[in-house]
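Please keep the sequence and the structure in view while reading the points below.

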Amino acid sequence: MGSNGPDSSIESTSGSAVEKFLCERLLDQSQPISERFRALFSLRNLKGPGPRKALIQATRDSSNLLAHEAAFALGQMQDAEAIPALVSVLNDMSLHPIVRHEAAEALGAIGLVGNIDILKKSLVLDPAQEVRETCELALKRIEEVGTTDSENQSSVTENSPFMSVDPAAPASSFSSIQQLREVLLDETTGMYERYAALFALRNHGGEDSVSAIVDSLGSNSALLKHEVAYVLGQLQNKAASAALSKILRDGNEHPMVRHEAAEALGSIADEQSVALLEEFARDSEPIVSQSCEVALSMLEFERSGKSFEYLFMQDPLVH
């Protein structure tokens, strides 16, 4: 598994040497996927052309899991300089839908109105339902928080209590849990409204909220289910373990949903979840097997009291 902790020799070097190490580690396909993810999460804490260039290059990686995470990182960093590359990824039909989806979500997270036309085009033309639904979400988000000024992005971005730039703002805090549940489970309701209900339930917390979120894993939309699994990972509630385990075991489920279920089980980290991750680290779908491998590695670091990221950086935004 490569290095077992942050390398003190790296920490003592200059910032440019650290950046060079991280960029090279991210793009080195001979490294275990967990080591490359360590570099990716560390680079998300850095600004500038070097990290951006490496993350952009990683969006074309042969690992669809790493490529989609790199696109997600660029969106979470809200780096407007990455927009042309993200547009290129979104338009490239040779790339896995999970990567195109993440590029669309990143364009929504960056939130500039200049991204509207390209998202509208993909909303109509992309053959993958999950990508089209992501474009719908991104367009609605830009409509709500969009700006023409890349310098003012942070002033219009509502950060969640979980330190993530969410694809939708949470629904009104005046909504009851029952009302939010009804919206989340209603297959006729628009995707943005269902996402807004999901994030409001997450922020509410409590057994009733978790129950509603778990029930939405029966949705017809792979996109919604993958976000539900992501949220359950944020909540780290053991009540979700059985439902997430069922998702991971289902070979007919969309890989993006199984991948998020694996990462959520890694966050919950009870004995049964860990055993399941070990089993499915050998899954025939690389997006799933690599997700299990990364989740297990993160757990190993956490249990040894070490940071998964290099430089003792901490990043809760695994996606």
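Arg38 lies over the face of Tyr310, at a distance of 3.9 Å from the centre of the ring. The model discussed here is predicted. The points that follow treat its aromatic rings, one of its helices and its cavities.

**Aromatic rings**

- A pair of aromatic rings is described by two quantities, namely the distance between the centres and the angle between the planes.
- In total, 5 aromatic pairs are found in the structure.
- Phe37 and Phe41 form an edge-to-face pair, because their planes stand at 85°, and an angle over 60 degrees counts as edge-to-face; their ring centres are 5.6 Å apart.
- Both residues belong to helix α3, which covers residues 33–43. Because Phe37 and Phe41 are 4 residues apart in this helix, about one helical turn separates them.
- Phe37 and Phe41 are both buried.
- Phe301 and Phe308 also form an edge-to-face aromatic pair, with 5.6 Å from centre to centre and 85° between the planes.
- Phe301 is buried, as is Phe308.
- Through ring pairs, Phe37, Phe41, Phe301 and Phe308 are linked into a cluster.

**Helix α14**

- Helix α14 comprises residues 222–235, a run of 14 residues.
- From the first C-alpha of α14 to the last, the span is 20 Å, which is close to the 20 Å expected at 1.5 Å a residue.
- Is this helix mostly covered or mostly uncovered? Helix α14 is mostly covered, with 13 of its 14 residues buried.
- At the start of α14, a side-chain oxygen of Ser221 comes to within 3.3 Å of the backbone nitrogen of Leu223.
- Just after the end of α14, Gln236 adopts a positive phi of about 55°.

**Cavities**

- The structure contains 3 cavities of 30 Å³ or more.
- The volume of the largest cavity is about 70 Å³.
- Which residues line the largest cavity? They are Glu105, Gly108, Ala109, Thr134, Leu137, Ala138, Arg141, Val165, Asp166 and Pro167.
- The elements that contribute two or more residues to this lining are α7 (97–110) and α9 (129–145).
- Helix α9 gives the most to the lining of the largest cavity, with 4 residues.

Note on methods
Residues numbered from 1 in each chain as written. Predicted model: local features only at pLDDT ≥ 70, side-chain atom pairs only at ≥ 80, totals over all residues. Heavy atoms only, no water. Phe/Tyr/Trp six-rings, centres within 6.5 Å; stacked < 30°, edge-to-face > 60°. Buried < 20%, exposed > 50% of the residue type's maximum accessible area, 1.4 Å probe, protein only. Lys NZ or Arg CZ within 6 Å of the ring centre and 35° of its normal. Expected span 1.5 Å × (residues − 1). Polar contact = N/O pair within 3.5 Å; in protein donor to acceptor, adjacent residues only side chain to side chain. 1 Å grid on protein atoms, 1.4 Å probe; cavity = no way out; pocket = protein on both sides within 12 Å on 5 of 7 lines; lining within 4 Å. Points joined across faces, edges and corners; volume = space filled by probe spheres on them.
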